[in-house]
Amino acid sequence: MSEHDTSRRNFLALSAAVPAFMTMAGAAGAQTQTEAQETLLMPGVGKVAIVTGSSRGIGAATARRLAGLGYAVSINYLTNAALADQVAREIEAAGGRAISRQGDVAEPDAIKALFDANEAAFGGVDVVVNNAGIMNVGPFSQMSDEAFGRMIATNLTGSFNVLREAARRVRDGGRIISLSSSIIRQTPAMTGAYSATKAAQEIFSTALAKELAGRNISVNAVSPGAVDTQLLRQHGEAALRGIPEATPLRRLGQPEDIAHVIALLCSPEGAWINGQNVFANGGIV
Ligand SMILES: NC(=O)c1ccc[n+]([C@@H]2O[C@H](COP(=O)([O-])OP(=O)(O)OC[C@H]3O[C@@H](n4cnc5c(N)ncnc54)[C@H](OP(=O)(O)O)[C@@H]3O)[C@@H](O)[C@H]2O)c1
């Protein structure tokens, strides 16, 4: 059963149990009991999310999770059109709404086009998950200009492009979330350049949260520990070795672990978290 089906099933099962005092009909006079229950359990209904880099990994899990909460979702990718379409089709098959759109975050015009396509499809945006990223590692002495430059273009310039567009277009009451990394507290050898681009996400988020003051928009970073995705697996099994043993919760992170944290930040219950970097790593840092 998909996450969306599960959310719907939970919603229906819990509907009968939500006490009448939780309905807003008496207080606000506008919401019916059913609407109030749906707001409680499906906070994304009527809202729209853009998730960059959501053809796979953490981005795909986040897109599925937000769709399960009722958000219409714009999927974005660089090269994997088939995977991105598959994520969008799964969301639609579960009763949700999704589009997928190619766009290199490093290109400002591509990001404007992504937001334009989202607006044409869904009318606006409430949540932006600034997730697309790459990890090139190696000693300073051996990292090529190309590997360093591509990482700066994607993780730093790309993130700036996405946040700039988000700052211009996210509707009042929205959420902006960037993927940093727990690695910024560990900074192992070989990861200096990557860690620097991820540390920037914390700075971007703290500053943007203050810039958007007064619009009820929260801006945060999320810092996963090691998560089992292509980003790590491309470096071979050695990149994963020893991580479960070194983690107090004794396992590797899964993309869904991070999607749940992002969903919390998007939820009404997460509204007071603003300008923070939320570390989610099973206790390894
Ligand atoms: N995995 C971890 O252990 C971990 C830990 C901490 C933080 N993070 C951060 O979490 C984020 C997601 O990581 P992940 O592990 O899910 O990575 P992943 O599995 O490698 O997926 C990366 C996603 O980003 C997309 N992408 C890459 N370059 C892009 C570009 N220039 N423009 C648009 N999309 C682009 C990819 O699209 P294509 O499929 O088309 O290539 C893919 O959808 C990254 O920012 C990463 O730094 C990951």
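**Note on the helix packing and core of the model**

1. I203 is exposed, because 12 other C-beta atoms lie within 10 Å (exposed: 12 or fewer such neighbours; buried: 20 or more; partly exposed: in between; C-beta atoms are placed from the backbone). I203 belongs to helix α9, residues 192–211 (helices are DSSP runs of H or I of at least four residues, strands are E runs of at least two, and both are numbered from the N terminus).

2. The model is a predicted one, in which local features need pLDDT of at least 70 and side-chain atom pairs count only at pLDDT 80 or more, while totals for chains, interfaces and linings use all residues. Residue numbers start from 1 along each chain as its sequence is written.

3. Overall, the protein chain contains twelve helices and seven strands. Of its 285 residues, 42% are buried. Of the contacts between residues at least 6 apart in sequence, 71% join residues at least 24 apart (contact: C-beta atoms, placed from the backbone, within 7 Å).

4. The largest nonpolar core comprises 56 residues, and L66, V73, I75 and I262 have the most contacts inside it (such a core is a set of buried Ala, Val, Leu, Ile, Met, Phe, Trp, Tyr and Cys residues joined through C-beta atoms within 7 Å). Helix α12, residues 255–266, supplies the largest share of this core, with seven residues. Apart from neighbours within four places in sequence, I75 is in contact with V51, S54, S55, A63, A84, V87, A88, A98, I99 and S100.

5. Helix α4 (residues 57–68) and α12 have axes that come within 8 Å and cross at roughly 50 degrees (axes are lines fitted to C-alpha atoms, for helices over the stretch in contact; angles run from 0 to 180 degrees between N-to-C directions). α4 is therefore oblique to α12 (under 35 degrees is roughly parallel, over 145 roughly antiparallel, 65 to 115 roughly perpendicular, the rest oblique). On the α4 side G57, I58, A60, A61, T62, R65 and L66 take part, and on the α12 side P255, E256, I258, A259, H260, I262, A263 and C266. These residues of the α4 and α12 contact comprise ten nonpolar, three polar and two charged (Ala, Val, Leu, Ile, Met, Phe, Trp, Tyr, Cys and Pro are nonpolar; Asp, Glu, Lys and Arg charged; the others, Gly among them, polar).

6. α4 also packs on α5, at an angle of about 15 degrees with the axes 10 Å apart. The two helices, α4 and α5, are therefore roughly parallel. A60, A63, R64 and A67 in α4 meet V87, E90 and I91 in α5. The contact of α4 with α5 has five nonpolar residues, no polar ones and two charged. E90, in helix α5 (residues 81–93), is partly exposed, with 18 other C-beta atoms within 10 Å. The C-alpha atoms of E90 and R64 are 8.2 Å apart, although 26 residues separate them along the chain.

7. Helix α7 (residues 145–169) and α9 have axes that come within 10 Å and cross at roughly 10 degrees; α7 and α9 are therefore roughly parallel to each other. Residues F148, M151, I152, N155, L156, S159, L163 and A167 in α7 meet A193, Y194, T197, K198, A200, Q201, F204, L208 and E211 in α9. The contact of α7 with α9 divides into eleven nonpolar, four polar and two charged residues.

Note on methods: Contact = placed C-beta atoms within 7 Å.
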